[in-house]
Amino acid sequence: MQSWRRRKSLWLALSASWLLLVLLGGFSLLRLALPPRPRPGASQGWPRWLDAELLQSFSQAGELPEDAASPPQAPHGGSCNWGACFDTSKCRGDGLKVFVYPASGPISETHHRILASIEGSRFHTFSPAGACLLLLLSLDAQTGECSSMPLQWNRGRNHLVLRLHPAPCPKTFQLGQAMVAEASPTVDSFRPGFDVALPFLPEAHPLRGGAPGQLQQHSPQPGIALLALEEERGGWRTADTGSSACPWDAHCEQDPGSRQTQRRETLPNATFCLISGHRPEAASRFLQALQAGCIPVLLSPRWELPFSEVIDWTKAAIVADERLPLQVLAALQEMSPARVLALRQQTQFLWDAYFSSVEKVIHTTLEVIQDRIFGTSAHPSLLWNSPPGALLALSTFSISPQDFPFYHLQQGSRPEGRFSALIWVGPPGQPPLKLIQAVAGSQHCAQILVLWSNERPLPSSWPETAMPLTVIDGHRKVSDRFFPYSTIRTDAILSLDAHSSLSTSEVDFAFVVWQSFPERMVGFLTSSHFWDEAHGGWGYTAERTNEFSMVLTTAAFYHRYYHTLFTHSLPKVLRTLADEAPTCVDVLMNFLVAAVTKLPPIKVPYSKQRQEAAPLASGGPGPRPKPQAPAPDCVNQIAAAFGHMPLLSSRLRLDPVLFKDPVSVQRKKYRSLEKP
């Protein structure tokens, strides 16, 4: 009996020892497999740690000890937040109006152009008394000057200190209640919801327009490296490693082997870009990855992602723990092609919408502040994180995605089935009676508006129509035709000139086409742009060719939102150009729509006989033998103002089914399209 008790005691002791060994050893292994828990109070704008579904096979969250605590840095302005340190009552009425302090000393050309871009925006005001926000732009390091405290500082209340580059000067005054918009702020000093995190911009970053994204193919190609790693002295090196290799130094003992290649490139040519989160200068590589369509993989970053308050970075970037190199590499290799495609597409959209130029970065900063003034509903997340982006989806027009022409597919909706005809009557001012009757015969027409823009008095009588006919007294400017008149009640606008000649069937079919493409312009007469090597600039032709890039707005369908963009988004200098050179107005409107949609217009059939007898032309009276072309300088001036050439060429024309087919006319829906 005692022998049995001794054996039982020995068995229990061995079992307890074995269990303790397993627990201690197992826990020490699991400690290496997990990212740390998020710090309390950290910003909510970060991408999630490498997709949870990809790390389920490694361990569960929360099992690692916290990182070693670093001494906290006092945030700018102490406990300032939006409610305590910003007076929104000054923004009532006109919304966000920004006054820019003039520089106290010499400024660089870059500084001068930045100020010009702010002054050309819809936010700017020359009166500090009427401003909602007072902006102090830190001087460039090139000038060797430091910003001084403005006279109207008022402890920094309703002020924004803008630093596009790391501050070259020590702080010469207390920021107080001022907001700070600076490049790549640390997470310890950044005040979420009050400060604005900017991207780390290189000195040579373009002021306007900017280079397009460099992604040629969204899906990984054979022979393209999986990873690109940043180099301390600039450039990137690519690595196409196996699952047993370590892509970055000093974190694993395995030999990378012969698969790793060393090749320095300005922009990375890989699927994923590994970016260190410890060095602030590494943040400059973030924009390079976005432009190249290389998915950023941020390794334990210590800096705030740019515009994280509004941009959902989970759709474009990945945050990973630098202590888990093998797990991170395995997770990247297991990522599905569909997920890779979605991430790469989003990098290209974000680069083009918010980061490709200094002007876009500045305007995005002001839009973020304006959203705070109007509340979180000013720009829903869909508008910030879907093309064309919040800079081109103005909250002054609407805060509902369904009211814009870009989101019908995501919302599962269609534009309404009615349109408004807007007929511009310039000199000599003859009432377009025949045109009114043709448009009024359309089953889709909801109202007709006549914009009277000439010196003659308004006619006393107009033809009777089944729908409302409204006459608007214009301001004798060509740009009046693209003003957002409150009397326009429909989404679709049929823009017409008094000299236009259309049949009811042509109008009906063009509107049906527009309903399928509400974000694009649908027109009848076309023109093209081309690069003129001899003169080193852009040229324009109205000759009928196999390609076109513009439609004349003297007879075209488009969404009424483009009137709001034309009036409130385009620089004033471009609208003035259209008024001084009326033949430029078609080019300007086509530039605007192409820049927003990244798509060409659509051509629909137009009677050859009417086209030759009385072509659609703007800028003058009576029929012409052919449309009057704008001067080449017009095209080049607009392209220079946009910073790039947004127009795209197309060879597509949409015709009705059975159009010109050898079948009975009675079987065709739009019979009059083929009549002489």
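## Helices H13 and H15

Tyr562, His563, Leu565 and Phe566 of helix H13 are in contact (heavy atoms within 4.5 Å) with Leu588, Met589, Leu592, Val593, Val596 and Thr597 of helix H15. By class, this contact of H13 with H15 holds eight nonpolar, two polar and no charged residues, where Ala, Val, Leu, Ile, Met, Phe, Trp, Tyr, Cys and Pro count as nonpolar, Asp, Glu, Lys and Arg as charged, and the others, Gly among them, as polar. The helices are DSSP runs (H or I, at least four residues), numbered from the N terminus.

The axes of H13 (residues 561-568) and H15 (residues 585-597) come within 11 Å and cross at roughly 105°, which makes H13 roughly perpendicular to H15 (65 to 115 degrees). Axes are lines fitted to C-alpha atoms over the stretch in contact, and angles run from 0 to 180 degrees between N-to-C directions.

## Basis of the model

This is a predicted model, in which local features need pLDDT of at least 70 and side-chain atom pairs count only at pLDDT 80 or more, while totals for chains, interfaces and linings use all residues. Residues are numbered from 1 along each chain as its sequence is written, and side-chain values use heavy atoms, with hydrogens and water left out.

## Helices H7 and H8

H7 and H8 pack at an angle of about 85°, with their axes 7 Å apart, and they are therefore roughly perpendicular to each other. Asp352, Ala353, Tyr354 and Phe355 of H7 make the contact with Lys360, Val361 and Thr364 of H8, and these residues divide into four nonpolar, one polar and two charged.

Key:
Helix = DSSP H or I, 4+ residues; strand = E, 2+ residues; numbered from the N terminus. Parallel < 35°, antiparallel > 145°, perpendicular 65-115°, else oblique.
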